[in-house]
Amino acid sequence: MRGTRLPATILGVGGAMLALAAPALARPRLIPAPPHRPALHRFLGRPGPSPWPVRPQIGAPGLGDPFFPLAGNGGYDVLHYGLRLAYDPATGVLDGSADIAAVATSDLSRFDLDLSGFTVGAVSVDGRPASFTRDGQELQITPARPLRRGLPLLVSVSYSGAPTPITDPDGSIEGWVPTTDGAFVVGEPQGAPGWFPCNDNPRDKATYDISVTVPDGLTAVSNGVLRSQRSSRGRTTFAWHEAFPMATYLATATLGHFEVAQATVAGVPSYVAVDPSQAADAAPALAELPDIVSYFSSVYGPYPFDAVGAIVDDAPDVGYALESQTKPNFDRAPDEFTLAHELSHQWFGDAVTLTTWPDIWLHEGFATYSEWLWGDHTGQFTPQDAYDYYASLPADDPVWDPPAGNPGTPDALFSDSVYIRGAMTLQALRVKVGDPAFFRILRRWYLGNRYGNVTTPQFIALAQRESGQNLGAFFNAWLYQEGKPPV
Ligand SMILES: [Zn+2]
């Protein structure tokens with residue numbers, strides 16, 4: 001995620017800097033993306049079903065995230081979401097049906113999905129009607145028969161209503177946000193239940209088929225590859241397929257009037273959708289998209305997904321951009337640094353994803369540092385220039401608190417310090433361990449963890465292994481201590 005305030009701060013310094021040569025980076029070995037693992041393989045690696053008879057439990061209503069304890073649910077693991085949505089901006093009504101393939105991880109008499117708002121029409125489990133109740137964003141489902149641990153289940157939910165945007169602890173809005181010609185659909189950190197029933201926790205990644213039906217003339221853009229686009233009786237259905245594991249908050253279905261440009265970038269299809277009102281302003285940054293993707297591929301490792309692109313909308317109520325998987329969403333025309341930020345999240349955030357939200361610096365610190373690398377690559381300023389500028393700020397500047405590794409409360413999740421002090425942590429690490437070890441750490445962090453979930457202690461352990469240095473005190477000072485670290 002990024003607001004639009006930070007680049008001006010950086011460029012205020014960097015723009016005046018002398019152009020310096022980019023660092024000589026060792027070229028990473030070209031490691032092809034792993035073949036897509038069919039959902040069945042995930043079953044095969046699991047323990048078999050529990051012995052019968054069972055003593056089924058009620059699945060927990062949350063997964064205990066320190067910031068969002070009720071986000072996600074216990075007792076099952078989603079493998080695939082099949083969403084069929086229809087939306088008409090004239091009425092503001094979203095009609096949805098969700099087929100959710102999962103595997104039970106407990107014996108369950110009841111379990112929850114997360115869904116905010118809407119009227120739920122019907123719920124079935126494995127084809128049998130199931131009873132359900134609502135409690136806040138918990139959709140509590142009681143299947144006709146208890147579920148056995150280790151066995152697959154298919155949950156189907158039909159729902160309808162005018163989506164209500166979700167307000168975050170910091171006051172920003174997310175979810176399904178209506179625009180003048182459609183909707184801007186973003187989900188970090190808790191917007192996904194605002195448009196589809198889900199296990200809304202970044203630990204439960206799944207693959208997706210998302211089809212969206214809109215009035216002819218509108219375009220609906222979602223994650224992954226466009227499988228088909230068909231018009232019938234005044235409406236057009238866009239069918240998208242995301243073949244790689246994706247956290248719920250990275251799903252999108254932004255729709256409206258868009259100019260679409262399709263191409264091939266880094267060997268995968270690129271789909272860029274731009275609101276006509278933003279087209280002229282967005283053109284310079286979007287022209288850099290192929291170079292940004294290939295540059296980060298050369299630094300971090302191969303691009304993680306089988307599709308790339310961008311969605312540039314006119315969503316003035318939103319005020320930030322988000323790294324939706326394969327198609328980052330921009331609320332307005334981005335500059336090149338905002339585009340680089342969100343594209344770098346495809347590596348750090350989307351492919352390599354936090355386990356719990358307080359570790360958000362693993363996304364935002366890395367994406368901000370990626371902006372600094374892009375500034376260096378394009379000869380505008382170096383990461384050390386940016387570091388030196390911020391290091392000169394006084395001890396009471398908001399750039400220092402809360403500490404990047406411990407935002408403390410959910411309203412501080414996207415604090416400036418998470419971004420900037422987080423990026424400074426990486427530059428300080430680079431200086432401490434040297435370029436070869438530093439870039440080896442970043443590449444191995446990505447290649448060893450892509451498509452999964454990570455924690456800050458895992459990053460510290462990797463940095464210590466690759467550098468041969470004890471970095472405990474270093475990271476403690478940079479990530480966890482309040483106030484200005486020893487710059
Ligand atoms: Zn970000």
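This is a predicted model: local features need pLDDT of at least 70, side-chain atom pairs count only at pLDDT 80 or more; totals for chains, interfaces and linings use all residues.
Author: Residues are numbered from 1 along each chain as its sequence is written.

Reader: Why are helix 6 and helix 8 called roughly perpendicular?

Author: The axes of helix 6 (residues 361–377) and helix 8 (residues 416–433) cross at roughly 70°. Angles of 65 to 115 degrees count as roughly perpendicular (under 35 is roughly parallel, over 145 roughly antiparallel, the rest oblique). Helix 6 and helix 8 are therefore roughly perpendicular to each other.

Reader: What makes strand 6 and strand 15 edge strands?

Author: The open sheet of eight strands has the order 6-5-9-3-2-13-16-15. Two strands pair if DSSP finds at least two bridges between them. Strand 6 (128–129) and strand 15 (225–232) each have a single partner strand, so one side of each lacks a neighbour in the sheet.

Reader: How do you know that strand 15 pairs with strand 16?

Author: Seven bridges join these antiparallel strands. One example is L226, whose bridge partner in strand 16 is W240.

Reader: Why is strand 11 called mostly covered?

Author: Five of the seven residues in strand 11 (residues 173–179) are buried.

Reader: Which strand forms a hairpin with strand 11, with two residues between them?

Author: That is strand 12, and five bridges join strand 11 to strand 12 (residues 182–186).

Methods. Axes are lines fitted to C-alpha atoms, for helices over the stretch in contact, and angles run from 0 to 180 degrees between N-to-C directions. Helices (H or I, at least four residues) and strands (E, at least two) are DSSP runs, numbered from the N terminus. A residue is buried if 20 or more other C-beta atoms lie within 10 Å of its own, exposed if 12 or fewer, and partly exposed in between; C-beta atoms are placed from the backbone.
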